[in-house]
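Notebook open, model loaded. I'm jotting down what I looked up, in the order I got to it.

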Amino acid sequence: MTTKKERILEAALELFAKQGFAATSTNAIAKQAEVSEGLLFKHFGSKQGLLDALLQEGEERVAVLVLPIITEENPLEVLRQYIELPFNMPEETYNFWRLIFQLKWNIDYDHKKKKKPLHTKLLGVFTDLGKDNPEQEAELLMQLVDSVSVGLLQGSLSKPQVFRDFLLKKYIQ
């Protein structure tokens, strides 16, 4: 990938994450990337094409992170890995995650479909562990991890490691 193309992607990711997709203009992206708006369109065709490129790149990285959880056989290890997932995200990936949350809240981005493999895995784990309501347990844990992720991204989760340890103790005992 060319350096200019990388700069466009980095600028778009930062601006989409901070301002939202709809509020970010291609002109602002081009200015931040220090390229012409025409070059942005040459590489990506449109603002939507730029978003699609960012999502494809990010979703490939997510697949690598999620694969060990989905393929894990030990139910308690699945829970441990899933709970630790947001706490192990490098800060340099925060803009991608901010973008994902922006999309979930602001445009028609089918995140439930993308989370289905994890939901299915957690449902199986809670079923194997003999929980009375495995469907609700899976949904609750996914909601907790989403909430934790937002807290980490906003910097509003006080004492993240203490909270991580609390969740691990609660679910893995």
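My cut-offs are buried under 20% relative accessible area, exposed over 50% and partly exposed in between, with a 1.4 Å probe and protein chains only. Glutamate 34 sits in the loop between H2 and helix H3 (37–44). Helices here are DSSP runs of H or I with at least four residues, strands are runs of E with at least two, and numbering starts from the N terminus. I also checked the backbone: phi of glutamate 34 is near 60°, a positive value in a residue other than glycine.

A note on what I'm looking at: this is a predicted model, where local features need pLDDT of at least 70 and side-chain atom pairs count only at pLDDT 80 or more, while totals for chains, interfaces and linings use all residues. Residues are numbered from 1 along each chain as its sequence is written, and side-chain values use heavy atoms, leaving out hydrogens and water.

**Another positive phi**

I found lysine 159 with phi near 50°, again positive in a residue other than glycine. Lysine 159 is in the loop between helix H8 (134–154) and H9. Is lysine 159 buried or exposed? I wrote down exposed, since its relative accessible area is 62%.

**Threonine 24**

I went to the loop between helix H1 (3–19) and helix H2 (26–33), where threonine 24 lies. Threonine 24 is buried, because its relative accessible area is 1%. Which residues does threonine 24 touch, leaving aside neighbours within four places in sequence? I listed Leu15, Phe16, Gln19, Ile29 and Lys47, with contact meaning heavy atoms within 4.5 Å. For lysine 47, 23 residues away along the chain, I noted a C-alpha separation of 9.0 Å from threonine 24. The side chains of threonine 24 and glutamine 19 are joined by a polar contact of 3.4 Å. That term means a pair of N or O atoms within 3.5 Å; within protein, one must be able to donate a hydrogen and the other to accept it, and residues adjacent in sequence count only if both atoms are side-chain atoms.

**Aromatic pairs**

I get four aromatic pairs in the structure. Phenylalanine 96 and tryptophan 97 make an edge-to-face pair, because their ring planes are at 75°, with centres 5.1 Å apart. To pair, rings of Phe, Tyr and Trp (its six-membered ring) need centres within 6.5 Å; planes under 30 degrees apart are stacked, over 60 edge-to-face and the rest tilted. Phenylalanine 96 is buried at 4% relative accessibility, and tryptophan 97 is buried at 19%.

Phenylalanine 163 and phenylalanine 166 form a tilted pair, with centres 6.1 Å apart and planes at 35°. They are three residues apart in helix H9 (residues 160–172), so about one helical turn separates them. Phenylalanine 163 is partly exposed, at 27% relative accessibility.

**Whole chain**

I counted nine helices and zero strands in the protein chain. The C-alpha trace spans about 60 × 30 × 25 Å along its principal axes. Of the 173 residues, 41% count as buried. Among contacts between residues at least 6 apart in sequence, 67% join residues at least 24 apart.
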